[in-house]
Amino acid sequence: MINRKKRNIVVFGAGYVGLSVAVFLSEKNNVCIFDIDQEKIAKLLNAESPIEDTEIQKFFEMEKTRSQKQLGICSDIEEKLEDADYVIIATPTNLNHQTGHLGLDTIRQVLKDISRCSKIPVVIIKSTLPIEGCKVLQGEFPSISLFYVPEFSREGSSLLDEKNPERLIIGFSENANRREIMDISKIFLEDHKNVPVRIMNTTEAEAVKLFANTYLAMRIAFFNEIDNFSVSLKLNSEKIIRGICDDSRIGNYYNIPSFGYGGYCLPKDTKELRKSFTNIPERLISASIEANEIRKKFIINEIQKQIEKISKKQRKVIVGVYRLTMKRGSDNFRESAVLDIVHWLKTYKCQTIIFEPKWNKEYYEDIKVEKQIQKFKEESDLIIANRITEDLSDVLEKTYTRDIIQ
Ligand SMILES: NC(=O)c1ccc[n+]([C@@H]2O[C@H](COP(=O)([O-])OP(=O)(O)OC[C@H]3O[C@@H](n4cnc5c(N)ncnc54)[C@H](O)[C@@H]3O)[C@@H](O)[C@H]2O)c1
């Protein structure tokens with residue numbers, strides 16, 4: 001058996017994506033991770049996971065027991081870059097509200113450092129890119145061989161998803177060569193010979209990522225719209241959804257109504273894609289974005305009705321918001337649909353408390369954060385929960401949710 005030399009890989013960005021990719025690749029390569037956030041680096045040096053992900057947390061528990069660490073944590077990035085065969089970029093690409101497109105500045109910053117190296121490593125971008133983003137960057141940094149390998153992992157299970165990919169998309173730019181493409185495929189899929197590898201140019205790879213996420217957003221919006229309809233006509237939403245989804249072409253998954261799609265990726269990726277349809281006819285993407293806003297308004301209207309009902313019986317109504325996170329198993333509130341409801345409760349001047357163990361301050365935007373679940377349940381006259389958990393099993397009769405499919 002050939003004992004191939006381990007590759008030296010530097011990962012930029014120790015967030016959900018960067019950390020899971022780094023941990024995954026560290027099994028077979030020399031991987032070092034770097035982040036500009038010193039708090040994250042301090043945690044990593046202590047073998048603590050800065051994010052909530054069971055598999056990553058398990059990895060760091062193991063790291064604590066190893067005298068020779070499996071994952072390197074970079075403090076001197078220049079030295080590591082000089083030795084690197086590959087650099088993986090997983091820095092944020094937030095929506096720039098002026099241009100309406102995903103910003104590339106954090107990636108540019110990394111590419112500038114790389115372009116100063118005496119031996120330039122191959123660069124794989126994992127951050128989500130706007131359409132033609134990689135082409136623009138390749139034009140600005142012609143000496144670097146750039147690849148776009150879009151990321152499809154989910155927050156909360158990102159390392160598991162890294163280990164069990166459903167496909168590998170390799171977007172190559174004009175500087176790429178065949179050997180590099182083959183090696184990238186090996187890096188990510190060494191143990192998964194049956195996973196489809198789709199090789200295409202970087203713009204096509206960008207389209208795959210954005211259209212895939214937009215499909216998911218559209219699907220969520222679609223089932224939420226069924227729920228708007230069912231609630232309005234006093235029909236059983238669960239029965240209708242199950243009846244629809246027994247059709248194998250539609251499928252009985254990813255169909256549970258919610259307060260609206262959210263999280264870091266779907267809101268920004270759908271908006272990026274809509275913005276890319278300049279002079280191209282489009283209706284579905286815009287409609288999905290609009291439908292999500294309509295859904296949140298519908299939910300707020302339903303909550304208002306519940307508050308009014310209770311206030312007929314008692315003078316003061318306390319609304320308890322159970323979790324600010326977008327989904328079960330996540331520690332992230334980015335663009336969570338629940339936040340829009342919290343903001344509405346504030347403008348509606350409704351007395352509100354929040355139960356969110358992941359928020360370590362006493363208040364969230366002037367709203368008290370109750371740390372003890374029992375006290376939270378006792379104090380709340382109405383509980384609002386995007387997703388139900390065991391915590392709420394004894395207070396379901398005063399809980400408003402659309403998490404109706406078990
Ligand atoms: N979160 C997901 O599930 C997911 C899934 C697919 C794709 N993506 C995409 O991947 C990218 C990263 O997402 P994330 O959720 O991991 O973000 P994140 O915010 O959790 O992590 C990004 C990290 O990059 C660091 N950073 C910023 N600039 C840096 C620099 N110049 N050098 C080194 N580190 C730097 C930040 O400090 C942060 O720790 C985004 O483009 C996102 O759209 C995310």
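I began with the helices. Helix H1 (16-25) and helix H5 (105-115) each give at least two residues to the shell around the ligand. Helices here are DSSP runs of H or I with at least four residues, strands are runs of E with at least two, and both are numbered from the N terminus.

I noted the ground rules. This is a predicted model, where local features need pLDDT of at least 70, side-chain atom pairs count only at pLDDT 80 or more, and totals for chains, interfaces and linings use all residues. Residues are numbered from 1 along each chain as its sequence is written, and side-chain values use heavy atoms, with hydrogens and water left out.

Next I looked up the shell. It holds 26 residues, and the closest are Asp35, Lys40, Thr93, Lys268 and Arg334. By class I found 10 nonpolar, eight polar and eight charged residues. Gly counts as polar, while Asp, Glu, Lys and Arg count as charged. Domain 1 (8-195) and domain 2 (211-400) each supply at least three shell residues; the bounds come from an automatic or database domain assignment.

Then I checked polar contacts (pairs of N or O atoms within 3.5 Å). A polar side-chain atom of Arg334 is 2.9 Å from a ligand oxygen. An N or O atom in the side chain of Glu155 is 2.9 Å from a ligand nitrogen. A polar backbone atom of Tyr16 lies 3.0 Å from a ligand oxygen. The protein covers 92% of the 830 Å² of accessible area that the ligand has on its own (Shrake-Rupley method, 1.4 Å probe).

Key: A residue is near a molecule or strand if one of its heavy atoms lies within 4 Å of it. A polar contact is a pair of N or O atoms within 3.5 Å; within protein, one must be able to donate a hydrogen and the other to accept it, and residues adjacent in sequence count only if both atoms are side-chain atoms.
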